[in-house]
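The points are numbered for reference.

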Amino acid sequence: MHTTPETSRPVVIVVGGGASGLLTSLHLVRTAGRRSTRLDVVVVDPTPRVGTGTAFGTTDDDHLLNVPAAGMSALPEDPGHFVAWRRRTSPRTAQPYEFVPRREYGRYLDETLRAALAESAGDVTLTHLPRTAVSVDRDADGVRVGLDDGASVRGDALVLGTGLPGPAADWAPPELAGSAFFVPDPWAPGALDVLVRDRVGPADVLLVGTGLTGVDVALTLTRDSRPERVVHAVSRSGRFPHRHASAMLPPAIPEIGDWGGTVASIRERARQHLAQVAADGGDWRPAVDGLRFQVSALWNRLSEEDRLTFLTEDAAGWNRLRHRMSPASHHRVGRLVEDGRVTVAAGQVTAVEPLIQGGLRVRLDDGSTRDVGWVVNCTGPRQDVRRLHDPLLDDLLRTRSHGQSLAVVATAGMGLRTADGRLLDFTGRTALPVWALGALRRGELWESTAVPEIRAQAVGLAAALLDTIAPLPRRLADGRLVSGRHPIARPRDLLGLPLSTSADAALAYNAGLERLMRLQDGADEKFREATELDPGFALAHAALAMLGHESDAPTDVAAELDAAADAVRARGDDRERSLVEVVRTRVHEPRRDGDAALLAHVAAYPRDVLAVSAAVPTIAFSGVTDARREAWELVEGLAPAYGDHWWYLSLLAFTRQDQSRFEEAGLLAESALACEPASGHAAHALAHVLYETGQHETGKVWLDHWIAENGRSANHRAHFSWHAALHELALGDTEAVRHRYYAELAPPTVNGVRSLVDAASLLWRWRVATAACWGLDGDPVPPVEPVLAAVDPELLDAPGTPFTAVHAAVALATAGDADRLLRLAGHCRGTGDPTMASVVAPVCEAFAALTAGDHGGAAALLAEVMPRLDEVGGSAAQREVVEETLLYCLRRSGQLAPARDILASRLDRRESTLDGLRRANV
C-alpha cells in the first residue's frame, strides 16, 4: 500500500499531473502556507514528471501558447508573474504580448511549484505517484483511491484534475481506425516520430481537423520531414483558426443584465455586441475576449434543451472565434499554404483503402481522393466522459450496491456535476470530499479549459477544500474560539468581517458596500435601507455619515453619526466601535487627527473595505495623504489581507500606473475587470494606462464601450468621459471633443467639484493646446461660465486641498479672472499648508500673469514649480494641465527651444497626433 510522508497531517490526493493538477497543487501549497496549515499533497499521474501533460509536454518550440504571456500567470494576484519569469529566463525576447513555446510554460509551472514548496519550509509536502488512478471509495470522512498496481492511497480529500481527454476518432471508418498508418492521438508520446522519420510510401499526410492541433502538427511535419511532403488538412469548415491581433487590445466586456436567458436571445445579443465593437474599433477580437468573461454566467441561464441547441448550432462557430492562433503561427501557416506545402479544404473522410507501397488512399465526401502515407486525427477532444473508457471516471459513474453512483454527468456528458467545484452525487448532495476542475466542469461552465479559468478555479478550490478538511478557528460574538465548521453566529460582510445586525440588514449593507467598491451610484441608498431594516445597525449609520462627510452624499451627517454612536454602545464589537470613532474624529477633529485615526484603524482591520475606501486616494475619496509614495505604501501594505480579490487588484492597478509601471498596471486592471467588469477603480487604472502609453484610438474606443456597458451605474461617469476626451484631444479630433463635452461633461450633467476637475480643466486644456499660436485652427472653446455657475463659490475661493486649489485656478484662468486668481493665491499662502503655499500659490500667480498677458513671467513661475507638482496629488494626467499651460506660455513668449524639448520628451514617452503637430510647428 502506498502511504504519504506524514499521515498524521491532512492529505489531499490530486489525480492529474498536467496544468490542472499542477495549478491545484500550487495553490494548495500556497494557501496552506498562508494559513500555517501542515499538509501533504499526493499527485497521482502516470507521467514521469508532474507538470507536463498533453498541452505542455511537447518538445517542439513551434508549438506556441494560443494566449499571450500576459494572460498566463499562475498567480491571479500577480498577473505579470509569467512575464517576469520570462524576462529572467529569456530576457531578449520576453514581452507581455509574446506567444511562448508551450514547453516553456510547462517549465514555468514546474519552477513556480518548486518555489512554493521551498517557501513552505517543509510544512507542505508533495509526493508524486507515477501510477494510474482506477477507483474511488469512501473511507471514513475521506476517500481511498485505488491504483493500477493494486495498491491504494487514502486522503482526506480528492481533486480530479485530469485535463482534456484525447481526440475523438468516432468519425474514422473501421478500415482507417484499424490501420497502422492512422495516428489516433498526435499528442501521445512519440506519436509523430515515425512520420518525421518515414521515407517509404507516399510522402503526403492527411490531417483530419483544422483547429489548433492541426496547425501544430502541420508545422511539425513540414519542418522536420521529407521536403516533397504536402500536408493536406480537411475539416467540416475547411478553415484554419483566426489569428490573434497584432498588438494587445483590452477586452470589451459586455453588460449582460438584459440579454435574456434563451439561446436565441443570447445569440442575437452576442452578434450585436461583436458587430458594435468591430464597428467602433475596427476589430472583433476585443468583443470575443470580453464575452469570454461572461460565458459561464450566460451558460448558466440556459435550459438543458438550449444548451444542447448551442452545442449543435453555435459551439463550432464560437470555438473558431475564441481559440485563435498566434500571429507567428498564422504567418508560418500562411507561407506554407502559399508555397503549396499545406492545403486546407472542407471535407470528411468516407472511405479508405490500403496502398501496395504502404500508406492509404483516402476518399472524401466530395468524391476526391488523396494518396497519403499517414492520416493524423487532429479533431478536438472527446466530449462525453461516459465514452472515454477512463477507469477512474467509470468507477465514479458506476451504479453501486445501494443503487446510486458517486457522481453524475453534466450537460451532454461534458464532465461532472459539481457545486462550485465539489462533486455532486446522484442525490444532488456533496457527500464526498471530492472536487473537480478544468475540463471536468465544461458541462456546467462551458468555458473551463484555458489556463485563466483553471487558475481561478484552483484558487477557489484550494480555499474551499482546506476550509473543509483543515478549517481555521473562528471567534464567535461571545468571544469563544471554535472550529471553522461551527455555525457562524453573525452575518458577515463581503470580506468576511462579522456584522452586528440582522441577516436582511446585512444583505442591504453588503449591497451598498459592493456598489461602493465598484464606484457605482446608490451605495448610500442601500446603507440607508440597512438602517431602516435595523435602526440599531451602527456600521450602516457610520457608512452614511462617512459618505456624507467624505463625498457629499445626501445625508444628515450629524444625525447619522449620533445614531451610530448610540447603536455601537448597545451592540458592537471592537472593529465597529473603532470605525464609528474614526468617522466621528474625521467629522469633528482637525484633518490630521482624522487621517491618523483612519490609518490606525486600517492597520488594525485591513479588510475593512469601508475604511480602506476612505483612506486610499481615488476618484471617490481624497484619501488620507496627498503624498504619492505614502499612498503607494498604504495600498501595497494591504496585499496580505486581500490576495487576489478583484477590488484590491483594482486599487493596486491604479497604484502601479501612478508609479509609471504601466505594463503591470494594465495586467492588474484587466485581471480585475475579468472578475468584476463593473469595477470603476480598474477601469480608471486602465484608462490611465492607455493614455500614458499613447494608445489613444484604442483607449477612446474601449472607454466608450465600458461607459456604455459596464459603467452605466458608475457614479463618476464624467471622469471617464474626461479620459475619453483626452484621447480625442491627443488625436487632434476637436469636433469629437466638442460633441463629448456637450453630451457628457457640460452642466447640468456635471456639477460641483467634478465641474472643476473634469469640465473646466478640459476646456482650459482644449484652449491652450489648440491655440492659434501653435499654427493650429484654434477652434472656439465652449464658454466656462455655466461651469462656474455649477460650482460652490467656496470651492473656487477657499478650496481645502492642494488638488482642488489647482483646479480652481484652472477654472478661474479659463474665465480670465486675474483678480480672483490673486486672491486665491493669498488664500493658499495663508492656509499654513506648505504645498498650498509654495506650489499652488505660485501656480495661481502664474495663471494670473498669463491672464494679464505676461506669458514670459507665467512660464518662469510654472517652470519653477513643475518639479514639485506631484505634491498636489491627483494623477499625472490631471497634473498635466499645468504642463500644457507652461507649453502655451513658452510658445506665446517665443521660448521655442524649451517648448520643443518638452514636446520631444512627451513624444518619446507616448504617441500623440496633437503633440506631433505642435512640435512640427514650433
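1. Buried means under 20% relative accessible area, exposed over 50%, and partly exposed in between, using a 1.4 Å probe and protein chains only. By that scale D425 is buried, at a relative accessible area of 9%, whereas R429 is exposed, at 51%.

2. This is a predicted model, in which local features need pLDDT of at least 70 and side-chain atom pairs count only at pLDDT 80 or more, while totals for chains, interfaces and linings use all residues. Residues are numbered from 1 along each chain as its sequence is written, and side-chain values use heavy atoms, with hydrogens and water left out.

3. A salt bridge is taken as a side-chain nitrogen of Lys or Arg within 4 Å of a carboxyl oxygen of Asp or Glu. The structure contains 70 salt bridges. One of them pairs R429 with D425, with 3.9 Å between the closest N and O atoms.

4. R577 and D574 form a salt bridge, their closest N and O atoms lying 2.6 Å apart. Both residues belong to helix α21 (residues 574-588), three residues apart, or about one turn of the helix. Helices here are DSSP runs of H or I with at least four residues, numbered from the N terminus. R577 is partly exposed, at 38% relative accessibility.

5. A salt bridge also joins the side chains of R829 and E845, at 2.9 Å from N to O. R829 is in helix α36 (residues 818-829) and E845 in helix α37 (residues 834-851), so the pair ties together parts 16 residues apart in sequence. R829 is partly exposed at 43% relative accessibility, and E845 is partly exposed at 24%.

Note on methods
Helix = DSSP H or I, 4+ residues; strand = E, 2+ residues; numbered from the N terminus.
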